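Welcome! Please take a moment to look over the sequence and the 3D structure, and then read on for a short tour.

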Amino acid sequence: MPDTAPDITIPRDLLPADGRFGSGPSKVRRSAVEALAGPGGAIIGTSHRHEPVRSVVGRLRAGLSELFHLPDGYEVVLGNGGTTAFWDIATFCLVERHSQHLRFGEFSSKFAAAVQAAPWLDAPDVVESPTGTHPQAEARPGTDLYALTHNETSTGVMMEVRRPEGADADALVAVDATSAAAGLRVDPAAFDVYYFAPQKSLASDGGLWVALMSPAALARVDKLKASGRFVPAFLDLSSAVDNSRLDQTYNTPALVTLLLAVDQLEWALSNGGMGFTCGRCDRSAEIIYGWAEQAPYASPFVAKPDERSHTVATIDFADEVDAATVAKVLRANGVVDTEPYRRLGRNQLRVAMYPAIEPEDIRALTASIDYVVSALS
Ligand SMILES: *Cc1c(COP(=O)(O)O)cnc(C)c1O
């Protein structure tokens, strides 16, 4: 198959104002990028052990506490390495012996794989469900950590964050929120660790992990530290906690990522916080799923409406329309990263609807897709 797109020019007035719809990395607001050349530019290239950079870390921690209404005793902890590093950190510093993982896509399977490979832990329970749905946690005695994923980025399935009923009193609930943070509503009382990398729903760049941690999670870290379990220094969550309390990181942080994340957070807070950001995602979801349900050639991949993600939409196409060709034409017109998750292998498009993305641009995208499909047929 030739890799070139059919020569179709989408009229300018149909195109979205910003053509970035990638599910990760994702759109960063232009004003956040511009601030890097202004106020941010004065800080880049200075020591992370001194005041201007430490105050950026402090603003990130304070901004997240405020946005998520974290109760007293919860702390914002951060370090280098993205969500993938945090899975290894959790394997060393949060799972005591036995964990349960809800596996319903590429990302939710990876933490389970990390625990499976750890010889100091029991083999984990893995609860699965068919692609395009999510399983429910099953409370079992002796399970000390339940691993949930708020939004499975590979399939566009979201799930409500809830403590499993009947779980042991000291069991932790750890939630991967990489493509959910600040875009989907969550009650901090329902989690012990809500962790994410900021290049998706938080509209920043990659390289960092952030974890919102409850007192019970902080106590687990202390308990495992005191147990004498070997932990590589880079993956030591207790040293990340200590450094975060000083508005620092264990080693040199991705400062540009911090600056972009703080810009996005302060934009969210100054516009009203979670009601504002989640409201934008709700609006985008209403537009794209409403369109897909009435388009003769498209339909939402996720069958149950309340499991359809409000931050990442997956849209199946009828056999007579090749979604890959549509994505290529969109790309040639400056509308990028709508390709489906590679390993899902479906005739579909995947569209991010994170808070930074304008709902009206989602509407313009649907009009652009309609235009391309009619030009192809
Ligand atoms: C992208 C993604 C990850 C991986 O994030 P990295 O920062 O690349 O390690 C993990 N979990 C979810 C849900 C994701 O969407």
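## An enclosed strand

Strand β7 (residues 172-176) has five of its five residues buried, so the rest of the structure largely encloses it. Here, buried means under 20% relative accessible area, with exposed over 50% and partly exposed in between (1.4 Å probe, protein chains only). Strands (E, at least two residues) and helices (H or I, at least four) are DSSP runs, numbered from the N terminus.

In a regular strand, side chains alternate between the two faces of the sheet. In β7, Leu172, Ala174 and Asp176 point one way, while Val173 and Val175 point the other way, and all are buried.

A word on the background: this is a predicted model, in which local features need pLDDT of at least 70 and side-chain atom pairs count only at pLDDT 80 or more, while totals for chains, interfaces and linings use all residues. Residues are numbered from 1 along each chain as its sequence is written, and side-chain values use heavy atoms, leaving out hydrogens and water.

## The strands around it

Five bridges link β7 to strand β4 (residues 145-149) in the parallel sense, with Leu145 standing opposite Leu172. β7 also runs parallel to β8, joined by three bridges; there, Asp176 has Tyr195 as its bridge partner. Two strands count as paired if DSSP finds at least two bridges between them.

Now step back to the whole sheet. It is open and has seven strands in the order β1-β9-β8-β7-β4-β2-β3, with mixed pairing. At the edges are β1 (75-80) and β3 (125-128), each pairing on one side only. β8 and β9 run antiparallel, joined by four bridges, and Val193 has Met213 in β9 as its bridge partner.

## A buried lysine

Where does Lys200 sit? Lys200 is in the loop between β8 (193-196) and β9 (208-213). Lys200 is buried yet has no salt bridge, and the nearest side chain of opposite charge, Asp176, is 7.6 Å away. A salt bridge is a side-chain nitrogen of Lys or Arg within 4 Å of a carboxyl oxygen of Asp or Glu; Lys and Arg count as positive and Asp and Glu as negative, with His and the chain ends not counted.

Leaving aside residues up to four places away in sequence, Lys200 touches several residues, including Ser23, Phe107, Thr178 and Tyr354. Contact means heavy atoms within 4.5 Å.

## Two domains

The domain assignment gives domain 1 (31-270) and domain 2 (274-376), with bounds that come from an automatic or database assignment. Between them, 26 residues of domain 1 are in contact with 26 residues of domain 2.
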